[in-house]
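We will go from the whole chain to single residues.

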Amino acid sequence: MKHAFAVGLALFGAVAAGPSFAHAHGDHQGHAQGDHAAHAHAGHGAQAMPSPDAMAAMPVSASVAVSDCWIRLLPSPAPSAGYFIAANKGAETATLAGAASASYGHVMLHQTTHTDGMSRMSHVQGVEIPAGQKLEFKPGGYHIMLEKPSGEIKVGDTVPMQFLLASGEKAQADCEVKPANTLAK
């Protein structure tokens, strides 16, 4: 999957400057409320994000669509979390390689796992969506983490989001901003 992610970055025309959509860091433990209450931010190593021109030039996927997107807004400096449903109507597995929004400086793919009564959140480089299936990004599972808002974001706002595929295509959705105590759309 790392190879598919690297190929996807090459296809996106990634540049060294600009906000990032992926971070390499260790696992995080001890999440008290939701996926991000105890998330530490030190040590994130950012990878390059496609330039705005490269993002605009990416074709919209005919087979992968994103729906029901919402963001759980947490008070700064805590990161917010995003959730959605990714549907792959195509005949082949699709790989979600990242996400981006002009409203956030960093958007990352994460997964929360539960082992021996402990929750652990970790960065993922890509998430496969099998052909003909849907994958729900939800609290306690896969999600996107949103850091460094570019302006004031408040409950009730709508945030446009780009979902980057390893194929060099994108899916788009508008995400509704909800309060911190929201558990589902």
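What share of the contacts in the protein with a separation of 6 or more comes from residues 24 or more positions apart? The share is 73%, where contact means heavy atoms within 4.5 Å.

First, some ground rules. This is a predicted model, in which local features need pLDDT of at least 70, side-chain atom pairs count only at pLDDT 80 or more, and totals for chains, interfaces and linings use all residues. Residues are numbered from 1 along each chain as its sequence is written, and side-chain values use heavy atoms, with hydrogens and water left out.

**Whole protein.** Show the cartoon. The secondary structure comes to two helices and 13 strands. Helices (H or I, at least four residues) and strands (E, at least two) are DSSP runs, numbered from the N terminus. Of the 185 residues, 47% are buried. Buried means under 20% relative accessible area, with exposed over 50% and partly exposed in between (1.4 Å probe, protein chains only).

**Strand E12.** Select residues 158–165. Six of the eight residues in this strand are buried. Zoom in on Ala100, whose bridge partner in E12 is Gln162.

**The hairpin.** Find Leu164, which stands opposite Lys170 in E13. Four residues lie between the strands of this hairpin. In the turn, click Gly168: its phi is positive, about 95°.

**The disulfide.** Which cysteine does Cys69 join? Select Cys175: its sulfur lies 2.0 Å from that of Cys69 in a disulfide. Cys69 sits in strand E4 (residues 64–72) and Cys175 in strand E13 (residues 170–178), so the pair links distant parts of the chain, 106 residues apart. A disulfide is a covalent bond between the sulfur atoms of two cysteines; here the cut-off is a pair of cysteine sulfur atoms within 2.5 Å. With 75° about the S-S bond, the link is right-handed. Both Cys69 and Cys175 are buried. A search of the whole structure finds one disulfide.

**The core.** Last, show side chains. The largest nonpolar core has 29 residues. Such a core is a set of buried Ala, Val, Leu, Ile, Met, Phe, Trp, Tyr and Cys residues joined through side-chain atoms within 4.5 Å. Those with the most contacts inside it include Phe84, Ile144, Met161 and Phe163. Finish on Ile144. Beyond its neighbours within four places in sequence, Ile144 is in contact with residues including Phe84, Val107, Met161 and Phe163.

Definitions and conventions: Two strands pair if DSSP finds at least two bridges between them.
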